[in-house]
Amino acid sequence: MSGARLLTFGCRLNLHESERMQTLTGHLDDVVVVNTCAVTTSAERQARQAIRRAHRDDPGKRIVVTGCAAQIAPQDWAQLPGVAQVMGNAEKLEAESWTETALSKPGAVADIMAAVPVPAAPVVETGSHVRALLQVQQGCDHRCTFCIIPYGRGRSRSVPVSEVIDRARRLVEAGHHEIVLTGVDIASWGRDLDGTPALGALCRAVLSAVPELPRLRLSSLDPASVDSDLWYLLAEEPRFLPHLHLSLQAASDLVLKRMKRRHSVRDAADLIARARALRPGIAVGADLIAGFPTETDDQAQETLDFVKAHALPYLHVFPYSERPGTPAARMPSVPNAKRQARAAALREAGEINRQAYWRSMIGQTMDVLMEGPTKGHSAHFVPVRLSLGQAARGSRLTLVAQTLDEAGLVAEIN
């Protein structure tokens, strides 16, 4: 038996949770699980298409729909062909949800809508990736005007330090050389715990308690919540990797205000400058929304100018997508063609920055975590390919970058 077939859409957290579900559904050979995302209409459309395709290709299989889109509007998903059950985010990581008895019952749509998940956050660790991903936080307390995710994930909940350390230790013992701390809003970690510790305190605790862990990385970070311990780690701890990915969204103060973000353009610029001063060469990335409602050509240009001026090499660019039920969906919209054009301009600028950033690494010695016989990523998250020879998957090599191609750096063993 091969177990259930998992189809996953959306964020990194969904991917990790799907891996957990894969272990829980190993006995379900006749089930297709669709883990949905609600961030964009495109992600929802792709999930619906996948459901229709799965039912058409194998109508005898039961389809279970879960994830944020299913949490927010379960009745819509329950009506799709072949869907046997809609499961909430709180239930999908519980073993009892995947028993034959539980799956034989129709999805309780009203219960899902009434029960936005609020229990203690589950810890999700993934062992199938070279970089192990460890969920330390769930949910979000903020209400950015464009975002529907708090309605699907509930309020922010943190995993206690002791549990995170225990899971991190297990991952290292299993052979992982790098751990990525992840969550919906990891910068809010600790605010619901006794003493309200900050994320930096968690990172310091993990690195102290698990000295054999050589690489610790963070997923997307709110620019308004970088604490003093994180700054200390950037300055003093080489095992805390030189890579920050910021949930920036825009670089126009008026647009940020309308998004209900908690940082200004100056805040973001100062953060980037300070990070680069403390850790020269640090990789800085950003999430950006193109064509947010009311965004003018001049405001879009402000964001594009910021990307160019601060040479951001790693961009995740999303054309704005209306989410019914959010304040932004009621604001005057930007024509879709303009959204796409602005997104394309940002991606082009990001690609130019990325190539320049990679080129700056030529001649440098790098610590590379190999994800295959010839390919891996450096501590700065630069893709690296061996010019000669092969290496064991999951090994770390000290390499010297020789040249650059369109896929990344080409390097040789030092």
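The legends below describe close-up views of a predicted model.

**View 1**
Helix H14 covers residues 336-360, which makes 25 residues. From its first C-alpha to its last it reaches 36 Å, close to the 36 Å expected at 1.5 Å a residue. An α-helix has 3.6 residues a turn, so residues three or four places apart point the same way. Which residues of H14 are buried? They are Arg-339, Arg-342, Ala-343, Leu-346, Ala-349, Gly-350, Asn-353, Gln-355, Tyr-357 and Trp-358. The cover over these buried residues includes strand S11 (283-290), helix H13 (297-309) and strand S12 (314-319). It also includes strand S15 (383-386), strand S16 (396-405) and strand S17 (408-413).

**View 1. The packing of H13 against H14.**
Helices H13 and H14 pack with their axes 9 Å apart, at an angle of about 15°. Because of this angle, H13 counts as roughly parallel to H14. From H13, the contact is made by Asp-297, Ala-300, Thr-303, Leu-304, Val-307 and Lys-308. From H14, Lys-338, Arg-342, Ala-345, Leu-346, Ala-349, Gly-350 and Asn-353 take part. Among these H14 residues, Arg-342, Leu-346, Ala-349, Gly-350 and Asn-353 are buried. The crossing of the two helices, H13 and H14, is right-handed.

**View 2. The open sheet S10-S11-S12.**
Three strands form an open sheet in the order S10-S11-S12, and their pairing is parallel. Strand S10 (243-249) and strand S12 are the edge strands, each pairing on one side only. From one strand to the next, the twist averages 15°. Strands of a sheet pair through backbone hydrogen bonds, either parallel or antiparallel. How many bridges join S11 and S12? The two strands pair in the parallel sense over six bridges. Ala-290 stands opposite Pro-319 in S12. Helix H14 lies across S11 and S12, and runs at about 175° to S12.

**View 3. The five-stranded barrel.**
Five strands close into a barrel in the order S13-S14-S15-S17-S16, with mixed pairing. Strand S13 (residues 365-370) pairs with strand S14 (residues 375-378) in the antiparallel sense, over three bridges. Val-368 has Ser-378 in S14 as its bridge partner. Helix H14 lies across S15, S16 and S17, running at about 125° to S16. Strands S15, S16 and S17 are also among the elements that cover the buried residues of H14.

**View 4. Ala-311 in the loop between H13 and S12.**
Ala-311 is placed in the loop that runs between H13 and S12. Most residues other than glycine have a negative phi. Ala-311, although not a glycine, has a positive phi of about 50°. Is Ala-311 buried or partly exposed? Its relative accessibility is 36%, so Ala-311 counts as partly exposed. Leaving aside neighbours within four places in sequence, Ala-311 is in contact with Arg-276 and Asn-353. Of these two partners, Asn-353 is one of the buried residues of H14. Pro-373 is 62 residues from Ala-311 along the chain, and the C-alpha atoms of the pair are separated by 32 Å.

Thr-196 is found in the loop between strand S8 (178-182) and helix H9 (199-209). Its phi is near 45°, which is a positive value in a residue other than glycine. The axes of H9 and helix H10 (residues 228-236) come within 6 Å and cross at roughly 45°. Because of that angle, H9 is described as oblique to H10. Which residues of H9 and H10 meet? In H9 they are Leu-199, Gly-200, Ala-201, Cys-203, Arg-204 and Leu-207. In H10 they are Asp-229, Leu-230, Tyr-232 and Leu-233.

**View 5. Asp-267 in helix H12.**
Asp-267 lies in helix H12, which covers residues 265-278. Its relative accessible area is 39%, so Asp-267 is partly exposed. Asp-267 and Trp-231 are 36 residues apart in sequence. In space, C-alpha to C-alpha, Asp-267 and Trp-231 are 15 Å apart.

Conventions
Residues numbered from 1 in each chain as written. Predicted model: local features only at pLDDT ≥ 70, side-chain atom pairs only at ≥ 80, totals over all residues. Heavy atoms only, no water. Helix = DSSP H or I, 4+ residues; strand = E, 2+ residues; numbered from the N terminus. Expected span 1.5 Å × (residues − 1). Buried < 20%, exposed > 50% of the residue type's maximum accessible area, 1.4 Å probe, protein only. Contact = heavy atoms within 4.5 Å. Pairing = 2+ DSSP bridges. Axes fitted to C-alpha atoms, helices over the stretch in contact; angles between N-to-C directions. Parallel < 35°, antiparallel > 145°, perpendicular 65-115°, else oblique. Left-handed = near helix turned anticlockwise from the far one by under 90°.
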